[in-house]
Amino acid sequence: MVTGDNLQTAKAIALECGILGSDADATKPNLIERKSFRAMSDAQRLEVAERISVMGKSSPNNNCYSCKL
């Protein structure tokens, strides 16, 4: 799930929808803010990308960038 919502709102929605199974699942890298993801090196991004379930605080332009990875 990629959303412009802050992490707390994104977490609550993801838990309610079953995207995250529990609070234990709501930790990095399963739940990450777009700014944190962009700050990583390309190698780090590739390492964590498949484990991300929820990305918060993301704009439409950032969403396009994510699709290119």
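**Exercise 1. Which residues make a nonpolar surface patch of about 210 Å²?**

Solution. The model is predicted.
- Step 1. Name the members. Met1, Ile13 and Ile19 make the patch.
- Step 2. Ile19 sits in the loop between H1 and S1.
- Step 3. Check its accessibility. Ile19 has 38% relative accessibility, so it counts as partly exposed.
- Step 4. A patch residue needs over 30% relative accessible area.

**Exercise 2. Find the salt bridges and describe each pair.**

Solution. 
- Step 1. Count them. The structure has two salt bridges.
- Step 2. Take the pair Asp23 and Lys11. Their closest N and O atoms are 3.4 Å apart. Asp23 belongs to the loop between H1 and strand S1 (31-33), while Lys11 belongs to helix H1, so this bridge ties together parts twelve residues apart in sequence.
- Step 3. Compare with the cut-off. A salt bridge needs the nitrogen within 4 Å of the carboxyl oxygen.
- Step 4. Asp23 is exposed at 51%. Lys11 is partly exposed at 22%.
- Step 5. Turn to Arg45 and Asp42. Their side chains meet at 2.8 Å, N to O.
- Step 6. Locate this pair. Both residues are in helix H3 (residues 42-48), three residues apart, so about one helical turn separates them. An α-helix has 3.6 residues a turn, so residues three or four places apart point the same way.

**Exercise 3. Describe the two ends of helix H1.**

Solution. 
- Step 1. Look at the start of H1. A side-chain oxygen of Asn6 comes to within 3.0 Å of the backbone nitrogen of Gln8.
- Step 2. Look past the other end. Gly18 follows H1, and its phi is positive, near 85°.

**Exercise 4. What does Thr3 contact, leaving aside its neighbours within four places in sequence?**

Solution. 
- Step 1. List the partners. Thr3 is in contact with Ala10, Met55, Gly56, Lys57 and Ser58.
- Step 2. Judge its accessibility. At 14%, Thr3 counts as buried, because buried means under 20%.

Note on methods. Residues are numbered from 1 along each chain as its sequence is written. This is a predicted model: local features need pLDDT of at least 70, side-chain atom pairs count only at pLDDT 80 or more; totals for chains, interfaces and linings use all residues. Side-chain values use heavy atoms; hydrogens and water are left out. Buried means under 20% relative accessible area, exposed over 50%, partly exposed in between (1.4 Å probe, protein chains only). Contact means heavy atoms within 4.5 Å. A polar contact is a pair of N or O atoms within 3.5 Å; within protein, one must be able to donate a hydrogen and the other to accept it, and residues adjacent in sequence count only if both atoms are side-chain atoms. Helices (H or I, at least four residues) and strands (E, at least two) are DSSP runs, numbered from the N terminus. Patches are made of residues with over 30% relative accessible area and no salt bridge: like charges are joined within 9 Å, nonpolar side chains (Val, Leu, Ile, Met, Phe, Trp, Tyr) within 5 Å. Accessible areas come from the Shrake-Rupley method with a 1.4 Å probe; for residues, only the protein chains shown count as cover.
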